[in-house]
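This report goes through a structure part by part. It is written for a reader who has not seen the structure before.

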Amino acid sequence: MSTDSVFVHFVQRFVFWVLFAMISCFVLRVLITLDLNKRVYNHTPGPCRVLTEKYKGTAGLVFVESQKRVYITFGYGKAHNLSTKTGIAFYDTNRADAAKNPQKQYDITEMSVNWNDYDGSTFIPTGIDAYSSSNGRVLLYVLNSHPDHQCIHFFQVDQLKLNHRKAFCDSAFTSLQDITVVGPDRFFVTNLAAFGRGWPQVFEFALQTGQGAVYYYDGTKLSTAVSGVNTPTAIGYDSKKRILYVGSLIRESLYSYKVNKDMSLESLYEMMLLTSPIGMFVESKSGDVWIAAHPVLSESAYHYTYPDQKRVSSSSQVLRIRFQEDGKTWVTTEPYANDGATISASSSIVFHDDQMLIGSSFGRLLHCDLTNSHIT
Amino acid sequence: MLLKIVGLALLAIMVQFGFKTLLMFDVNKRIYNHRPGVCRKIEGPVHGSEDIIIVEAKQIAFASSGIVWLPRPETPITWKGEIFLYDLKTRTYKAESLPIRNLEDVDGFHPHGMSYWTLPDGRVRLFVVVHSKSFHHSIVLLDFDEKRRELVHVRTIRDEKFVRPNDVVATGEESFLVSNDGGAQTVNANAFEAISGLYKGGLVYYDGELSHHLLGDTVANGIILSRDQKTLFVSHINKETIGIYEWDQANIATRRISEIHTLTGCDNFYVDESDHLWSGCHPVLKDAIGHLSNPSDLSLVAPSQVLRFTFSKDFQTAELVELLADDGRLISASTVGCPFDGGKQILIGTVARDLIHCDVSVPLDFY
């Protein structure tokens with residue numbers, strides 16, 4: 001046996017074992033990510049009721065303080081080939097209005113859209129945020145999750161109508177997820193993955209290549225705020241502290257960034273949630289971060305693959321993260337959790353005046369009262 | 001070539017075993033806090049409230065405190081075993097330690113699981129699993145003297161089949177079911193038993209004179225009978241399941257009905273007046289192990305969880321409601337949850353820490 005063949009043999013064995021270790025680690029990591037040994041245990045923070053079963057998906061929620069309204073996007077299921085109506089509605093959170101008209105307390109009102117010559121037939125709204133100017137004007141920014149028309153749509157609220165102002169599209173948008181507004185026509189958006197759908201996206205998730213991104217739009221120009229983020233989903237902004245929060249679906253964590261004056265982002269810390277965040281709401285008063293999450297990722301993957309089958313449901317979870325005075329430590333509480341029987345695959349959350357609205361990707365919109373919101 | 005295949009197969013088995021062990025220790029789990037209402041620590045028990053008995057007829061509760069479980073030679077046992085009495089009618093948030101008369105081994109009294117039986121004259125008889133400081137086991141019968149507010153020792157029962165008793169269910173004046181949560185008597189042996197899967201615990205029935213094996217080669221933690229005494233619930237904490245069995249006392253026989261997967265380590269049980277099963281659970285096993293390795297170290301805490309199970313009529317499925325979850329700062333390593341006052345209040349016990357009294361102001365039926 002020559003030294004060459006000994007060396008070749010050694011290299012072969014070395015390569016084999018390295019590959020074995022890598023493949024083993026990969027498989028184990030995928031299995032851990034799928035949350036196979038997890039489940040949720042049902043509980044509510046107070047009495048709950050379903051607001052609507054009409055729409056397949058209430059994937060985006062935003063609360064407008066000046067109007068005491070929650071704006072709701074519906075019809076996300078259309079992006080997954082469900083035949084469902086799409087649009088935007090609102091819910092009035094004002095309890096005084098509810099006292100006047102108890103019969104309509106839990107009604108939501110659909111808004112008509114004036115498209116101003118834009119073709120709205122491909123509009124599948126998902127993530128949404130709002131900006132209230134000092135003169136009372138309310139602007140809505142809505143992500144279109146249509147696979148072939150990934151755009152950001154600008155609307156202005158006119159009582160019960162929406163006026164379309166413009167649409168911003170870019171080739172970088174492959175899977176828009178969520179949006180958070182930092183000023184008039186200025187916002188951050190999350191792009192989940194380099195591939196928009198199908199098996200390429202699945203492989204990207206499995207390999208955890210971290211090809212997602214956070215983009216910043218300054219009113220005229222799009223720039224990359226953070227690149228190489230692992231599956232960014234929920235995004236929220238605390239304007240008092242100037243902190244941007246970005247959730248990671250696969251990593252099951254929350255990144256926080258300091259927003260500098262020039263709108264560049266400085267990484268602060270990563271909070272391990274051990275649940276996959278999808279939607280976010282930042283309380284302006286307290287700075288608490290509310291998260292709508294998919295706690296069992298294997299269930300969610302199955303549910304997103306077969307969204308029209310009632311039996312294939314996914315767990316829902318709402319977390320509330322309270323930051324302590326130092327801004328560096330926090331307490332996590334879980335106001336709501338459900339195994340999917342009541343609400344499946346929670347995707348958005350809003351809290352106001354001891355009320356909570358939970359939206360879902362393909363199903364119902366839930367309204368809950370919080371009996372003890374100070375400890376929930 | 002054959003050797004290579006065998007080697008690879010063994011390697012795959014080892015990787016799979018390692019993975020299963022990691023999942024068993026719940027390395028990818030955590031707890032998110034929530035409470036059903038305002039909670040308070042009850043003054044009195046500080047070193048455990050491992051099991052709770054609610055005597056509805058008298059509106060009182062008993063809690064066992066000062067457990068010794070798989071003691072380590074290097075950790076001194078500085079606490080004493082006690083049984084506390086708590087008045088459910090008032091909100092004093094104070095529990096009273098009951099003196100025990102005629103106990104033969106006062107220093108070796110460390111109570112664990114408990115059950116009770118009402119005697120014909122109305123007296124309450126407690127059945128208590130007791131470990132000594134050197135981890136010897138017995139079942140102690142104590143009668144509650146209401147006037148003197150003390151417990152009177154009636155009988156101590158030792159049996160070779162009480163291998164490592166955990167919980168007990170009274171079935172008569174001197175008969176009971178007792179669960180063994182393993183066979184190992186030391187920490188290291190228990191670790192081997194848990195990891196290897198060669199469990200030596202089980203279920204034993206004592207008829208007043210003789211003991212009978214019912215289940216073997218498993219782990220039985222909390223046990224309880226349904227209110228009609230026909231259905232037995234057994235916590236197989238090692239598998240994170242609850243076993244449901246028919247119990248035939250006349251023929252001293254069990255028949256397995258179903259097994260409910262909980263994905264959390266449920267400990268002791270309570271059955272309420274609506275036939276819901278309540279349990280305190282350990283959702284993250286690695287933290288529970290850390291906490292129980294040195295219960296006196298207050299910096300070691302374990303997450304807690306209180307669940308309510310509602311079974312289908314045939315006991316094949318269960319709906320789960322989570323009443324409370326805590327990361328350990330308020331309640332560390334919960335073992336049992338006992339609702340009272342029509343479900344508006346609940347007592348929560350822990351392995352080696354406080355007894356907690358909570359109000360319940362959230363709905364539990366919401367489907």
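## Terms and model

A residue is called buried when its relative accessible area is under 20%, exposed when that area is over 50%, and partly exposed in between, using a 1.4 Å probe and protein chains only. By this rule B:Ser138 is buried, with a relative accessible area of 5%.

This is a predicted model, in which local features need pLDDT of at least 70 and side-chain atom pairs count only at pLDDT 80 or more, while totals for chains, interfaces and linings use all residues. Residues are numbered from 1 along each chain as its sequence is written, chains are lettered from A and ligands numbered from 1 in the order in which they are written, and side-chain values use heavy atoms, with hydrogens and water left out.

B:Ser138 belongs to strand 9 of chain B, which covers residues 137-145. Strands (E, at least two residues) and helices (H or I, at least four residues) are DSSP runs numbered from the N terminus.

Contact means heavy atoms within 4.5 Å. Apart from neighbours within four places in sequence, B:Ser138 is in contact with B:Val128, B:Val129, B:Val130, B:Thr156, B:Ile157 and B:Arg158.

## Disulfides

A disulfide is a covalent bond between the sulfur atoms of two cysteines. Here the term is applied to a pair of cysteine sulfur atoms within 2.5 Å. Over all chains, the structure holds four disulfides. In chain A, the bonded cysteines, numbered in sequence order, pair as 1-4, 2-3. The disulfides of chain B follow the pattern 1-4, 2-3, again with bonded cysteines counted along the chain.

In chain A, a disulfide joins A:Cys151 to A:Cys169, with an S to S distance of 2.3 Å. This link is right-handed, with 100° about the S-S bond. A:Cys151 lies in strand 9 (residues 151-158) and A:Cys169 in strand 10 (residues 161-169) of chain A, so the pair ties together parts that are 18 residues apart in sequence. A:Cys151 is buried at 4% relative accessible area, whereas A:Cys169 is partly exposed at 42%. Another cysteine of the chain, A:Cys25, counts as exposed, with 52% relative accessibility.

## Cysteines of chain B

B:Cys39 is joined by a disulfide to B:Cys358, with 2.2 Å from S to S. The torsion about this S-S bond is 110°, and the link is right-handed. B:Cys39 lies in strand 1 (residues 39-42) and B:Cys358 in strand 25 (residues 355-359) of chain B, so the pair ties together parts that are 319 residues apart in sequence. B:Cys39 is buried at 13% relative accessibility, and B:Cys358 is buried at 0%.

A disulfide also joins B:Cys266 to B:Cys281, at 2.5 Å from S to S. The torsion about their S-S bond is about 75°, so this disulfide is right-handed. B:Cys266 lies in strand 19 (residues 265-271) and B:Cys281 in strand 20 (residues 277-282) of chain B, so the pair ties together parts that are 15 residues apart in sequence. Both B:Cys266 and B:Cys281 are buried.

## Nonpolar cores

A nonpolar core is a set of buried Ala, Val, Leu, Ile, Met, Phe, Trp, Tyr and Cys residues joined through side-chain atoms within 4.5 Å. The largest has 32 residues, of which B:Ile52, B:Ile54, B:Tyr86, B:Ile346, B:Leu347 and B:Ile348 touch the most other members. Among the strands of chain B that each supply at least two residues of this core are strand 1, strand 2 (52-55), strand 24 (345-350) and strand 25.

Leaving aside neighbours within four places in sequence, the contacts of B:Tyr86 include B:Ile42, B:Ile60, B:Tyr93, B:Leu347 and B:His357. A second, separate core of 26 residues includes A:Leu61, A:Ala292, A:Tyr336 and A:Ile343.

## Between the chains

In terms of contacts, 34 residues of chain A meet 31 residues of chain B. There are zero salt bridges between chain A and chain B, a salt bridge being a side-chain nitrogen of Lys or Arg within 4 Å of a carboxyl oxygen of Asp or Glu.
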